[in-house]
Every structure is written in structure tokens, then in C-alpha cells.
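Open your viewer, colour the model by chain, and keep the selection panel at hand.

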Amino acid sequence: MLMNVFHFVISIWVPLVCALIIVAVLPLVAGYIVLMERKVMADMQARLGPMRVGPHGLLQPIADALKLLIKEDIIPDEADKAIFWFAPLISVTAAMLAMSALAIGPWFQIADLNVGLLFVVGISALGIFGIVLGGWSSNSHYSLLGALRSAAQLVSYETAAGMAIVGGLLLAGTLSTREIIQAQNDYGTWFAFAAPVGFFVYIVASIAETNRAPFDLPEAESELVAGYMTEYSGFRWALYFLAEYTNMVVVASIATTLFLGGWLRPFAGTPAFNFLDYFPSVLMLAVGAYCFYRAPKQPVKVQSLFMVAVGLLMILAAIILAAPLVPAVSDLLPGLKPGLHGAFWFLLKVGLYIYLFMWLRFTFPRYRFDQLMRLGWQFLIPLSIVNVMGIGLALVLHRHWGWGHLPAFGLTTLLTLVVAAWLGWAEEKKDKVHVFVGET
Amino acid sequence: MLDHIVFYFFAALAVVSAILVVTRRNVVQSAIFLITALLATAGIFLQLHAEFLFIVQVILYAGGIMVLFVFVIMLINMDVSLHQVQFNRQWWLGLLLALVLGAELTIAIAIGRSHLSFGEAAPASALEPSTQLVGKVLFSEYMLPFEIASILLLVAMIGAVVMAKKKI
Amino acid sequence: MADERIPFATHADQTVLGADEIVLNMGPQHPSTHGVLRVKLRLDGEKVIGSECVIGYLHRGVEKIAEHRSYQQFAPYVDRMDYVAAVSNGLGYCEAVEKLLGAEAPPRARVIRTILTELQRIASHLFWLGTHALDIGALTPLFYCLREREEILKIFEKFCGARLTTHAFRIGGLQYEAYDELEKDVERFCTPFDKRVDEYESLLTENRIWVGRTKGVGILTSKEAIDYGASGPVLRASGVKWDIRKAMPYAAYDQYKFEIPTGKNGDTYDRYIVRMEEMRQSRLICLQAIENIPAGPIMGKVGKVLKPPPGEVYHAIEAPKGELGYYIISDGTTQPYRVRIRPPSLINLEAFDKMIRGHLVADVVAIIGTLDIVLGEVDR
Amino acid sequence: MAMIPISQYLFLGMVLFTIGAIGVVTRRNVIIILMSIELMLNAVNINLVAFSRLVGSAEGHVFAIFIITDAAAEAAVGLGIIIAFFRNRETLLGDEMDLMKW
């Protein structure tokens with residue numbers, strides 16, 4: 001009886017607490033992703049990036065958030081006021097709602113839905129209404145063009161991303177995020193290696209879906225000033241920003257769940273690699289040590305103290321992450337290790353995926369609209385369909401003909417790559433024909 | 001109890017938004033309320049344990065079709081239509097006929113409730129998990145309609161391209 | 001050509017446009033119009049079907065000011081036209097007045113002028129490359145370019161104390177004697193610079209997206225380029241081998257060996273390649289020049305008060321953006337009777353409408369960038 | 001916890017269907033007419049899913065999926081027609097579509 005009550009309380013409260021954590025922490029996370037982006041950008045461009053607020057600019061996101069909160073919220077005279085007012089909320093709500101079905105470690109999940117992954121994809125796609133309506137209601141040509149571009153781009157790349165996801169789902173045989181990760185554990189390999197082409201298609205499509213460079217046409221600064229956000233300022237603008245970065249986290253989480261093994265450690269099934277269990281603690285210790293190393297070099301004493309505090313926090317995190325490795329603790333709480341380490345690996349993978357986004361952003365120029373559409377419709381969508389067929393073939397070979405994993409998936413990946421090369425070649429040829437796009 | 005609250009909430013939301021869809025002057029606002037109505041319907045699907053249909057409704061209807069609608073509305077400069085008469089000349093006749101239709105349906109439902117025994121609803125577990133079930137039925141018994149539907153989509157796609165293209 | 005153009009003005013203020021036609025006002029405050037250029041675009045969807053450039057937001061009446069200043073007093077004003085390449089502007093003006101006076105700068109001054117002007121060309125092209133790449137969406141090259149430009153500006157600062165509007169030359173020679181380590185500084189900059197250019201090229205030249213964004217965009221055939229009076233890299237990218245440094249050598253260019261890079265298609269990509277190559281050639285000129293800077297005076301024989309004989313003169317130089325010409329009429333007083341400046345940016349901008357028609361909004365930005373206009377020079 | 005009776009769903013479907021019908025027959029704006037049709041299709045879906053729940057089979061879901069497919073096709077073609085219409089006549093009013101050809 002008591003156990004039942006306990007389970008009921010757990011079943012109600014854990015999702016609630018998780019939801020609260022997501023809503024409360026996500027803005028902060030988004031802010032720090034922005035900081036990370038600026039730091040990565042600075043690093044790639046031979047600069048330092050934000051260095052003023054807090055040591056190494058660690059408090060910059062908070063300062064930015066405060067500034068945005070107290071900025072004037074300008075609503076243009078000719079705007080459709082009601083829609084202008086609530087459009088950013090749609091984007092933010094959709095992005096945050098999508099987080100609810102994601103499993104960040106075996107402990108941390110709001111709801112393990114039957115249709116989990118589809119839910120994430122579908123709900124996050126609703127965020128487009130925020131962009132489209134915001135762009136339309138601003139009553140400005142730049143905003144309208146940005147909104148139109150955004151809608152067209154999302155609809156086009158959603159298809160490719162969806163087909164890429166279907167490839168992964170074929171392998172997993174389920175839609176539940178939890179079971180997908182379990183399936184990868186059973187396969188003994190991440191789906192990124194079983195379906196590399198699908199993973200590639202998903203990377204490209206997810207960049208396009210989140211409006212990141214080189215597909216950032218809806219907010220292309222040099223063309224449309226700020227696209228659909230041109231007329232927004234202050235807090236509402238910050239909401240769009242929050243939605244964009246939350247969406248990045250969402251697509252990174254989908255990729256992590258479906259292709260990168262979710263919360264699984266690399267080589268989760270191989271005991272020879274068990275030393276990787278120490279990696280989380282070692283990484284935290286290394287970061288902490290770097291903080292201590294930098295602390296005396298800070299210009300102001302407060303900053304030094306802050307740096308030391310961050311270092312101590314890192315060491316604390318290292319201790320917490322190391323705790324499950326002690327036999328006594330793991331006997332007492334057997335779920336501790338998968339819970340904590342799972343969350344660590346998941347977040348690490350999400351972070352690396354977002355880093356990839358940033359890397360691409362600072363390397364590539366921007367696509368033009370017709371090129372973007374051509375890439376989506378003539379390359380990615382056919383490729384993703386071929387990828388689905390290839391995975392189906394591999395599964396048939398594996399299940400019915402008794403082929404091993406490696407030959408079956410190797411063969412089909414090879415076939416898919418041949419098709420990809422052919423598609424790329426065909427497009428290249430078309431490019432040569434299209435030297436002059438204009439007519440006049 | 002929770003079931004009831006969820007159902008009546010979504011039902012009320014759907015009806016109110018539906019009324020606003022047909023009465024609003026501004027097409028964009030109509031579209032927004034249509035999205036609300038569709039999402040409320042999706043909520044009712046969820047309450048009926050039709051998870052797969054719920055997500056299909058969200059992705060396809062709300063996410064796909066309505067994006068198309070909003071896209072077209074934004075493409076078309078509609079400042080003019082704001083100041084036009086919104087209802088056609090025979091609106092009273094149409095309204096009357098539609099209401100008669102509604103009354104007929106109501107009567108049919110009322111008669112059905114009292115005279116036909118619907119029996120007790122199947123247990124919720126009979127439909128779980130809905131994704132697999134729908135998939136199985138769709139790809140076995142309804143294979144041919146499924147293929148026909150895909151051809152329909154192809155035809156519609158070609159048709160839409162032909163319609164909307166300026167010069168073919 | 002001209003008769004094919006849709007008259008834009010009749011449509012610009014038309015309120016009822018076709019189903020998908022809108023008028024988009026780009027600028028004068030827009031991130032990528034490089035200053036205060038205003039472009040009214042008539043769009044069909046995103047395709048440009050007409051355009052109108054509105055200029056003059058930065059007009060300061062430079063030519064009129066010249067009529068009320070003595071020849072020396074006017075020299076600093078020309079630095080404010082193409083503020084990205086102030087040294088070249090100064091060179092053109094000084095040489096034009098020297099021609100009017102019949103004077104000549106001493107060899108040492110001419111060599112140092114050449115070095116500084118070529119450095120300025122590199123700086124101007126670097127700035128162009130950074131902003132052009134930024135317009136097309138590549139964020140990173142800008143910072144690498146500015147890093148190198150900074151080195152050049154430091155040399156200028158050491159030479160004359162100013163970084164941007166240098167006023168480095170003087171009519172008849174140089175304002176200042178070169179500082180002791182000028183050769184070393186220039187060498188230190190130039191020696192590794194070709195590697196740096198390779199670095200930029202590795203980011204862009206082979207990049208599929210960059211090639212896709214620039215190839216076939218804003219084509220100007222050689223005939224059109226000549227008809228529009230285009231000059232500089234815009235002209236050379238169309239395949240016309242015309243460079244005033246070779247054709248009518250000024251300063252000390254006749255002493256040095258260098259190539260004139262030309263393009264074939266006259267599209268944005270070719271202009272990019274031409275400018276990249278020009279940077280390499282400028283580096284070679286600098287390296288040749290610092291090997292042998294002749295000793296001697298830095299000022300020629302011009303008086304304290306300049307009173308050119310009545311007459312007129314046109315002198316053009318190859319500025320980074322194209323042919324920069326000064327047409328000066330003297331009435332024998334200390335002030336010019338009339339100064340007319342042929343700014344390459346303005347003339348190159350004439351071809352803008354021709355180049356963008358039929359392209360998309362994104363290409364407009366690329367084409368503004370590839371023309372390498374400086375609004376200070378367009379509006380004067 | 002009592003089940004919600006099926007008649008409630010049917011009634012909801014009826015109300016939405018009637019509202020949709022009213023929209024179709026009274027409004028002049030073709031886009032709103034198209035949206036009203038979507039509303040009617042949607043009302044049918046509610047009925048189908050409710051019946052499916054009642055009999056405990058997935059057939060209703062399958063039909064609902066077909067209807068959604070149909071709605072997608074209809075929206076694509078309908079909006080295509082609207083764009084073509086608007087391009088030619090510069091109006092969105094359904095009752096001005098009174099010529100077979102122009």
C-alpha cells in the first residue's frame with residue numbers, strides 16, 4: 001500500500017519537477033549557449049570574445065538577459081498588435097513543449113510517450129507559426145520576406161529531416177525515446193554508424209530547420225536586416241532568441257537520441273572500455289583545474305574569487321559524478337550511475353552537436369534561396385528516401401537472410417553513397433547549366 | 001473525472017474557435033483560430049487514446065496544411081478584403097439550411113442515443129499501442145486505399161504546381 | 001540595352017502592384033549597403049525586376065569646397081572621399097596638381113608613394129574581401145582580413161601619424177621623410193602575406209557555397225563594362241586588360257614588374273579572383289620597391305604658394321576601386337577654378353541596375369559588395 | 001471514473017460540422033470557405049475516432065488518416081486555385097467567381 005502511494009507520488013512529482021527544471025533552466029542554458037557560441041566564434045576568428053562581465057565573460061548571459069528585460073518593448077504603430085504581441089510566445093511554447101518527451105538520462109524525462117519522437121518533431125514544428133505570424137504582423141517587408149522564407153524552408157527541410165528520422169526509427173522499431181536508446185544498446189552500435197547517410201541528412205536538415213547558418217536565410221542579416229525579428233525589440237526579441245536556441249537543443253537532442261546513442265556511454269557494451277566511466281569526473285576535474293590556474297590571472301579580485309568558486313563547483317560535480325563508481329555507493333543506490341552518467345553523456349553529446357552547428361556557421365557563407373530549395377528538394381529528400389530504402393534492405397538482409405550487421409549495413413551504406421554521389425554529380429551538372437539565373 | 005475535464009475543455013475550445021473561424025473579418029485571425037480548433041481536436045484525439053492520430057493531426061494538419069494556408073494568406077495582399085462585406089447576399093438562407101442540417105443531425109443523435117444501444121465502450125487497453133495497431137491495419141487490410149491515397153497526393157501535388165505556376 | 005529597361009520610376013510609387021510584387025526599400029540604413037546607399041527594389045517574390053539607386057546621403061560638396069581652398073588646403077579633403085583608400089586619393093590629387101604645375105616629385109618620393117599606395121590597395125582589398133564575405137554570410141574572413149589590414153594601418157601610422165585619413169603626400173613630394181624601419185616593416189608585412197591570401201582563398205575559393213553564390217551572379221560582359229565606363233577590377237574581371245599603372249604609368253610603376261590579372265566571365269566570382277590576385281601583385285610591387293629606395297630629397301621644386309599657370313589638366317590613377325581621375329582647371333590664382341573628380345565607385349555603380357535584374361535579393365547584396373563601392377566617394 | 005458517452009463526441013462533431021457548413025455557405029472570402037471545409041472534415045474525424053474507440057478497432061483511425069490526406073490534397077489544390085484566381089481577378093470573393101472563362 002505504502003509502496004503504491006510512493007509510486008503514485010513519484011509518477012506525479014518526477015515529471016512535474018522535471019518540467020519545472022526545464023522551464024526554469026532552459027533560458028539560462030540558452031544564454032550560456034549564446035556565450036559558448038560567442039566564445040567559439042571568437043576562437044575561430046582570432047579574438048577573445050566577451051571578457052568583461054565576470055571572468056572570461058562568464059556572467060555575460062545574465063547581463064544580456066537583464067539588459068533585454070529592461071529594454072523598451074516597441075510595438076510598431078501599423079502592426080497587428082494582438083498577433084505581434086503573442087507570436088513570440090508561440091515559438092517559445094512550442095520549443096519548450098517539445099522538450100517534454102525527450103529523455104535526458106534514464107531519470108530525467110517528463111513523459112515517455114508512445115509516439116515520443118514524433119511528438120518532439122511535430123510540436124517543435126509548430127514553432128514556425130510564431131515566426132510566420134510575427135513576421136506578418138510586423139507589417140514590414142523585411143519581416144514578411146523573412147517569414148515567407150522561414151515557412152518555405154521549414155516545410156521543405158522538415159520532409160528531409162522526417163525521412164532521415166524514419167530511417168533511424170526503422171532500425172529501432174519504436175517511437176518511444178527510451179526504447180530507441182535501448183535498441184541502440186541492443187544493437188551494440190549507435191545508429192549513426194548503422195545509417196551514416198541518414199545521420200548526415202539529419203544534420204543538414206536540422207541546421208536548416210533551426211535557421212542556422214549556412215541556412216540562416218530567414219534572418220540573414222546582410223539581406224533582410226534581421227528577417228522576421230526586424231521589428232521586435234527587448235523582451236519579445238529575447239523570446240525569439242530563446243526559442244531559436246531551445247530549438248537547437250531540441251534538434252540536438254533528437255539527433256543524440258536517435259543517432260548518437262542517447263545517454264549511452266561510448267562503447268557501452270564493451271567492458272574493455274569501462275575506464276571511460278572515469279571520463280566525466282576527469283573532465284570536470286580538468287575544467288576545475290583550469291579555473292584554478294586562471295584564477296590568479298584575473299584583473300579584479302572579485303573575478304578571481306568567482307573563478308575559484310567555479311573551480312570548486314567543477315570539483316564538486318566531479319565528486320558527484322565519481323560517487324557512483326565507489327562500490328559502496330552503487331550498492332546503496334544502484335540507479336545512481338545510469339542516472340547521473342547518462343545525463344552527463346547525453347548533455348555532452350548535445351553540446352558537441354551544437355558545437356558542430358557553430359563550427360559550420362563560422363566556416364560557410366550563406367546559401368541563396370533558390371540554392372537552398374534545390375539542395376533540399378533535389379538532393380536531401382531523394383537521398384533520405386533512398387536511405388530509408390537502404391535501411392529496409394539492410395534489415396531484410398540481416399533478419400531474413402541472416403547476414404551480419406557489418407556486411408548488411410556496409411553494403412547498403414555503400415549503395416546509398418553511390419546514389420548520393422550520383423545526385424551530387426547531377427546537381428553539379430545542373431549548376432553548370434544554371435550559370436545565369438536571371439532572365440532579363 | 002480528469003477525462004471529463006479534458007474532454008469538455010477541448011470541446012469548448014474547439015467550438016469557440018470554430019465559431020471565431022467563420023465570423024472573423026481578418027483572414028489571418030481566422031487561420032489562427034482554425035489552428036486552435038485543430039489543436040483542440042488533437043487534444044480530443046489524445047483523450048480518446050488515439051496517440052498516433054493526435055500526432056498526425058499536429059504534424060500534418062496544424063504543422064503542414066495550416067502553414068500552407070498562412071503562407072498563401074501572407075502572399076496575397078488582403079488589405080482590401082478587410083473592408084468588404086463579409087457575408088454573401090443569401091447568407092440568411094445558407095444559415096437557415098445549415099441550421100436545419102444541424103438540427104437534423106441533433107435529432108439523429110438523440111434518436112440514436114435512446115433507440116440504438118451503443119453498448120459499453122471497449123476498454124482503453126484494446127487500442128494500445130495505437131501506432132503499431134494503425135500501422136498493421138493500414139498496411140494489411142487497407143493497403144489498396146493507402147496506395148490510392150498516395151496517388152491522390154501525387155495528383156494534388158502536380159495540380160497545385162500547375163495551378164500556381166505563372167508560366168509553365 | 002537602355003531601351004530594354006523597365007522604367008522603374010513609373011512603378012515605384014504605384015500602390016497596387018501585381019499579386020506577388022512588392023517594393024522593398026533597402027537602405028539608407030541597412031547592414032549591407034556599405035554606408036548610406038539606398039536602393040529601391042521592385043520585387044516579384046524575391047526576384048528583382050527593377051531597381052533605383054538613391055544616392056547623395058553623404059554628399060558634402062567636396063568639389064565645390066575645392067574652389068574656395070588653396071591647392072594645399074584642399075589635399076586633406078580628398079582623403080575623405082574614399083576613406084578606405086585615402087592614400088590613393090591623395091596620390092591622384094597631388095600628381096594632378098604637379099602635372100598642372102609642371103613640377104615633378106623626386107625619385108625617392110615617387111618610390112615611397114608607390115609603396116604606400118600599393119599597401120593601401122592591399123588594405124582596401126582586404127576590407128572589401130572581409131565585408132563582401134560577410135555580406136554573403138561568411139563571418140570569419142572579416143576578422144582575418146582586418147588583422148592584416150591592421151598591420152598596414154600601423155605602417156601608415158608610423159609614417160604619418162594617421163591611420164585612416166592619412167594625408168601622407170604633399171604636392172611636389174612627401175610630407176614627411178620615411179622613418180628608419182619602413183623597409184623592414186613593409187618586408188615584415190609582405191613576406192608572409194601571400195600565405196595569408198592563400199588562407200583566405202582556402203576559406204572561400206573552392207567553397208561550394210561561395211562558388212554557388214558568386215558564379216554567374218552580376219555578369220558584366222566586356223562590352224557592357226566598357227559601355228558603362230566601368231574601371232578597375234570590375235572592368236578587368238570582364239576580360240579587359242586595362243590598368244592605368246601599365247597604360248600610363250605614374251609614380252614609379254614603370255620600374256616594376258607586375259601582372260594585370262583579368263577574368264573571363266565578368267561575374268562576381270571573377271571579380272573576387274581578380275582582386276585576390278591583385279593583392280598578390282601589389283605585394284610583389286612592394287617587395288620590389290623596398291629593395292631599392294633611392295636616396296635624395298623628398299620634395300621637388302615647388303614654391304610655398306602654389307600658383308599654377310592658367311589651364312586645365314586631367315590626371316587619372318588606378319585606385320583600388322578603379323580609375324580615379326582629377327580634372328582641374330586653373331585660372332592662375334592660388335585656388336582652383338573648378339575641380340571635377342571622377343570617382344570609380346560612382347561610375348561602377350551605374351552598372352548596378354543592369355547587373356541585378358533577374359537576380360534574387362540575396363544577389364543584390366552580393367553585387368553591391370562586389371562593386372566595392374564606398375559611399376563617401378559616390379556622393380563626395 | 002465513468003466513460004464519456006459516445007453521444008457527446010457525436011454532438012461535438014455535429015456542432016463543428018454545422019459551424020463549418022455555415023461558414024461555407026455564408027462567407028464570401030474563398031480562403032475562409034476553404035478553412036470551413038477543413039473544419040467540417042475535422043468534425044468528421046472526431047466521429048470516426050470516437051466510433052473507433054467504441055468498437056475497439058483501428059479502422060476509424062485509418063479512415064481519419066485518409067481524411068487528413070484528403071484534406072492536405074484539397075488544401076494544396078484549393079490554395080493553388082486561389083492563387084491563380086487572385087492573380088487574374090485581384091479579388092478573393094467567392095461570389096465574384098461567376099465566369100467560366102476570362
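Helices and strands here are DSSP runs, numbered from the N terminus: a helix is H or I over at least four residues, and a strand is E over at least two. With that in hand, select chain B and read along the sequence: the pattern is α-α-α-α-α-α. In other words, chain B has six helices and zero strands.

A word on conventions before going further. Residues are numbered from 1 along each chain as its sequence is written, while chains are lettered from A and ligands numbered from 1 in the order in which they are written. This is a predicted model, in which local features need pLDDT of at least 70 and side-chain atom pairs count only at pLDDT 80 or more, whereas totals for chains, interfaces and linings use all residues.

**Stop 1: the domains of chain B**

Select residues 1-78 of chain B, then 127-168: these are domain 1 and domain 2, with bounds from an automatic or database domain assignment. Their C-alpha centres lie 21 Å apart. Four residues from domain 1 of chain B and four from domain 2 of chain B make the contact between them; two residues are in contact if their C-beta atoms, placed from the backbone, lie within 7 Å. In chain B, 56% of the contacts with a separation of 6 or more join residues 24 or more positions apart.

**Stop 2: where chain B meets chain D**

Now show chain D as well. Five pairs of chains are in contact, and chains B and D share the most contacts. Chain B brings 75 residues to this contact and chain D brings 61. Which helix of chain B gives the most to the side that touches chain D? Select helix 3 of chain B, which gives 12 residues; helix 3 spans 51-75, and among the other elements giving two or more residues are helix 1 (2-23) and helix 6 (143-164) of chain B.

Colour this side of chain B by class and you will find 58 nonpolar, 15 polar and two charged residues. The classes are Ala, Val, Leu, Ile, Met, Phe, Trp, Tyr, Cys and Pro as nonpolar, Asp, Glu, Lys and Arg as charged, and the others, Gly among them, as polar. For contrast, show chains A and D: they do not touch, and their nearest C-alpha atoms are 13 Å apart.

**Stop 3: into the core**

Select B:A31 and B:M66, the residues with the most contacts inside the largest nonpolar core, which has 328 residues. Such a core is a set of buried Ala, Val, Leu, Ile, Met, Phe, Trp, Tyr and Cys residues joined through C-beta atoms within 7 Å. Buried means that 20 or more other C-beta atoms lie within 10 Å of a residue's own, exposed means 12 or fewer, and partly exposed is in between, with C-beta atoms placed from the backbone. Centre on B:M66 and, leaving aside its neighbours within four places in sequence, you will find it in contact with B:A31, B:L34, B:I35, B:L38 and B:Y61. Of the 168 residues in chain B, 35% are buried.

**Stop 4: a sheet in chain C**

Move to chain C, where three strands form an open antiparallel sheet in the order 6-7-8; strands pair if DSSP finds at least two bridges between them. Strand 6 (311-319) and strand 8 (336-342) of chain C stand at the edges with a single partner strand each, so one side of each has no neighbour in the sheet. Select strand 7 (residues 322-330) of chain C next: nine bridges join it to strand 6 of chain C. One bridge to show is C:E312 with C:I329.

**Stop 5: two positive phi values**

Last, select A:N211, which has a positive phi near 60° without being a glycine. A:N211 sits in the loop between helix 8 (196-209) and helix 9 (221-224) of chain A. Is A:N211 buried or exposed? A:N211 counts as buried because it has 23 C-beta neighbours inside 10 Å.

Then jump to C:H167, also not a glycine, with a positive phi of about 50°. Look for C:H167 in the loop between helix 6 (140-160) and strand 4 (169-170) of chain C. With 19 other C-beta atoms within 10 Å, C:H167 is partly exposed.
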